[in-house]
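Biologist: Please start with one loop of this model and look at it closely. Then carry on from there, and tell me how the other parts and the whole chain are built.

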Amino acid sequence: MARKVLISFLGTGGNPNSRLEITSREYKTAEYHIDDKTYTRSFVADALTDHYEIDTVFMIGTVKSMWEELYRSFCAKHGMPVDEDYYLELGETSAWASHESTLYLPEIEKIENALGKDSRIILINYGINEEELNNNIAAILSIEKDLKNGDELYVDITHSFRSLPLLIMNILMYLQNVSKKNITIKGISYGMLDVNTEFGYVPVVDLKKVMEVNEWISGAYSFSEFGNAYKISKLLETIDKDTANRLNDFTNAKNINNMAALQKSAGQLSGIKLDNLSPIAKMTISPVVKEFIQSIGSFSSTSEFQYKLAKWHRDKHNYYAAYLTLVEAIITYVCEECSLAENDKDERENAKERLLKNPDYKDLKKIYGPLNDVRRRLAHSLEIKDNNANIKKRLNDALIKVEDIILPSKSKK
């Protein structure tokens, strides 16, 4: 069974400047409304642990945060005795702390034990300069080593500095997309304390929609930069199955470099209807699909399509695919010129012979030879006596030269 983990931030309470009276640092009780349930607690984290049946808590805060009250509250929650001497020592340490304080709390394991099994305290700086921000990032990222495969994360961003939710959102993207532990973000809670006076209670809203937006942005970037639509396709599965399938088919064909399937996909993508999609889906899908369609544009022959596809692969940094596709575009062009069947293996071999021996193709042969040599060496992991920059330059130069031969003048831009 998946473990439920709460990541929460701890603030300084209502009177963070009081140093002499520890009792003035007490958190005020509030009525938290989560979904259709009500919890009257001092800490929203306390309410969330009950509502989501949390197993483990990772609490993040500065040394000045109200650790003594957290300790007392969770001791009471779990029926544990409060060590009054420790409570006072902890309160004095936190109350007298400042942004210059060392990241230290006495006997920190006592707080962790009060929070529950495998719980952990993460002390951070105020984050007032780049060095402190970098230290905070490293501290919060350290949570990953204590997470287990399949953990479900619930995140509370109600308290602490307003800069920290921005930080944790990006770290959550890392945990969900990069970590190999199959971690899932199940909820992002924010207790709207500012409306407590007006409403008489604190609504706790789920901001998971922010993660959804980030997922769409990540998917759009992957598609726009590399031509990979898998993430967008997955996001669309429950919204528009037809569009999801078209994007998935396109990416499969692209990754296999199935040029016939890609040619078909170009037409399928142009037929995508975006009217029924959500605003964020439209915002991410529309520009990248249009960019692909515009890159390929109209084409009057297979060789023209393959040339434009090679250029698109180059723009998406798929350099081997660009080499391979451009080599095939040249052979296809000769097939078309000589009325040979472009999809027949023997006919394509015939076209290759004519390309290499017929003086009419001497200019194209000069391009094809070096281009195919690089393609062959890349395919068979053979040594190439050139650096990567020059290999890319050769491709760019070849694309320019081939354009003058393959593309009809009316379609040049």
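Modeller: Glu53 sits in the loop between α1 (44-51) and β4 (56-61). Helices (H or I, at least four residues) and strands (E, at least two) are DSSP runs, numbered from the N terminus. This is a predicted model: local features need pLDDT of at least 70, side-chain atom pairs count only at pLDDT 80 or more, and totals for chains, interfaces and linings use all residues. Residues are numbered from 1 along each chain as its sequence is written, and side-chain values use heavy atoms, with hydrogens and water left out.

The phi of Glu53 is positive, near 55 degrees, in a residue other than glycine. Glu53 is exposed, at 59% relative accessible area. The cut-offs are under 20% for buried, over 50% for exposed, and partly exposed in between (1.4 Å probe, protein chains only).

Another loop gives a second case. Asp118 lies between α4 (108-115) and β5 (120-123). Its phi is positive too, near 65 degrees, and Asp118 is not a glycine. With 42% relative accessibility, Asp118 is partly exposed.

Positive phi values also turn up after helices. Ser381 follows α17, and its phi is near 55 degrees.

Now α15 itself. Of its 19 residues, 14 are buried. From first to last C-alpha, α15 reaches 27 Å, close to the 27 Å expected at 1.5 Å a residue. The expected span is 1.5 Å times one less than the number of residues.

Ile330 belongs to α15. Ile330 counts as buried because its relative accessibility is 0%. Beyond neighbours within four places in sequence, Ile330 is in contact (heavy atoms within 4.5 Å) with Leu355, Leu364, Tyr368, Leu371, Val402 and Ile406. Thr158 is another matter: its C-alpha is 61 Å from that of Ile330, and 172 residues separate the two along the chain.

Next, α17. Its buried residues are Leu364, Ile367, Tyr368, Leu371, Asn372, Val374 and Arg375. Among the elements covering them are α15 (319-337), α16 (345-357) and α18 (388-406). Helix α17 runs over residues 362-379, 18 residues in total, so it should span 26 Å at 1.5 Å a residue; its end C-alpha atoms lie 25 Å apart, in agreement.

Glu215 is part of helix α9 (residues 208-226). At 12% relative accessible area, Glu215 is buried. Leaving out residues up to four places away in sequence, Glu215 touches Met173, Gln176, Asn177, Lys231 and Leu235.

Last, the whole chain. The protein chain has 18 helices and eight strands. Of its 413 residues, 47% are buried. Its radius of gyration is 30 Å, whereas a compact globule of 413 residues would be near 22 Å. That radius is taken over C-alpha atoms, and the globule rule is 2.2 Å times the number of residues to the power 0.38. Along the principal axes, the C-alpha atoms fill a box of roughly 95 × 50 × 40 Å. Among contacts with a separation of 6 or more, 61% join residues 24 or more positions apart.
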